[in-house]
Amino acid sequence: MTTEGEKRNGQTEAKAQSSAVVLEEKRARAKLGGEQKYHDRLREQNKLFVRDRLRLLLDEECFEDGLLARHLQDLPGDALVTLVGKIEGRKVGIIANDMTVKAGTWGMRTFEKWTRLQELAGEMRIPLIYLIDSAGARIDEQFDNYAGRHAWGNLFYNQIQLSGVIPQLCIMFGPSPAGSAYVPALCDTVIMVDKNVSAYIGSPRLAEMAIGEKVSMEEMGGARMHCAMSGLGDVLVANEEEAVALGKKYLRFFPDHWQAKPELEPAVPPIPGREIAEIVPEQQNVPFDVHELVERLVDAGSFLEIKKLFAPELVTGLARLGGRSIGIVANNSKVKGGVLFVDSSDKAARFIWMCNAFNIPLLFLQDISGFMIGSRVERQGIIRHGAKMLFAVAEANVPRIAVMVRKAYGGGYLAMSGSPMHPDCVIALPTAQPALMGPEAAINAVYFNKIMELPPEERQAYVEQLRREYKENIDVYSIASEGSIEAVVQGSELRDELIGRFELYSRKESRRIERRNGVMPV
């Protein structure tokens, strides 16, 4: 016969089981996201559901915050997934839009979840990854979320406070319009999926209404445009799987936070290929692809180029050298002679600041005749932008090595971490040619009047003679004799030399200037 106590225990157990079932049902429903038709639309666009992206990215989920936010209003998670998970054993924070709920827009609870995860990542000092696929803020909820101190703008404020404290990576799978476009802009690095991504302050429809401009979505703010022209995008990929794989590779170069150093990995020999002496032409005006030089220096398969399509006259990228994470800044003579322009100066400055923020040593490969000249670039502000690059180089206190590959002329030499900018060392190859100006410009500047006094038929021969004499006086051994550089090495010795020097310089204490902040050129 069942006692009263047994009945009560049975009822309690049944209620507990019922509560557990209810909770699991609610969790499962929230994880499904929006209606099936919105999932179908994603598939039509060759896009993955946010939970599928997370499965690709993460080894495991540790915990999720706000899963049941607004589930009573049939807005699962308020269109946002925020969680902490593990990637290759490392804890990371994730903020991911759910495009199946209200087109991934920001609502009443979206920014609360978003900002709380930002705060958590900062407090726990773990990298933060933004998976962006959103139609922006909800206009119909603006009065609850726009103007006050506790409003959407907090997420931008937090991004800026976290900048340089923890790595912030943005992977864009879809749109990020209007104000939400500043999310990728404020991240360290942005990976964009071609054809699906768009970012703009004003849509094509708004541009036509406001200023009469007719333009396509791709022209206004497509991924390829941003990676090649505006510079908002850093890496263009073909699909979402490639984006996620690249995000994982990128994260391996970085420590969890600014006070740590990137993990060393086992050293791997470079890919086989031509010797460096064969890659680098002795003739200063013969172009070559600096990518080949980079690949013969760094560990095989490690090079990840940043902003490949933007200002390609300068190559920037992350790599491993003897297992050590490094950042590379290299002039590419194959594009515009490797001369520095406005965009390439900006590209370098931002990359240098990012590497310096996270203790990533810097390697400069110099083959530079200087900054671009002419009225067009002067109007664009080449002096201001060049000064920005100089500022970043001089401010960098991570281990910093410059290799004088060939040309090292004028202000370009300084911008590429020449000796007066106090790198840890400057090493030269035998092909190096340091000078204030190249032979052509120097002879024209110094001897112009004398040349013009000669009969026209004698001028060319005289100019060629002067250039030969000038070249003889600017070989690398002259500056080595004066102690202006640390060493001259053969190309075959360069990799080992760099590995040894970076290992040594990594032991130094970072020097810091006590000040509120420098006033940088913009």
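Contact is defined as heavy atoms within 4.5 Å. Helices (H or I, at least four residues) and strands (E, at least two) are DSSP runs, numbered from the N terminus. The model is predicted; local features require pLDDT of at least 70, side-chain atom pairs pLDDT 80 or more, whereas totals for chains, interfaces and linings use all residues. Residues are numbered from 1 along each chain as its sequence is written, and side-chain values use heavy atoms, without hydrogens and water.

Helix H16 covers residues 382-395.

The axes of H14 (residues 342-357) and H16 come within 8 Å and cross at roughly 20 degrees. Axes are lines fitted to C-alpha atoms, for helices over the stretch in contact, with angles from 0 to 180 degrees between N-to-C directions. H14 and H16 are therefore roughly parallel (angles under 35 degrees). On the H14 side, the contact residues include Val342, Ala349, Ile352 and Trp353. Those of H16 include Ile382, Met389, Phe391 and Glu395.

Two residues other than glycine have positive phi values. Asn46 has phi near 60 degrees and lies in the loop between helix H2 (36-44) and helix H3 (50-57). Asn46 is exposed (over 50%), at 67% relative accessibility. Phi of Ala79 is near 70 degrees. Ala79 sits in the loop between strand S1 (60-65) and strand S2 (80-87). Ala79 is buried, at 0% relative accessible area.

Definitions and conventions. Parallel < 35°, antiparallel > 145°, perpendicular 65-115°, else oblique. Buried < 20%, exposed > 50% of the residue type's maximum accessible area, 1.4 Å probe, protein only.
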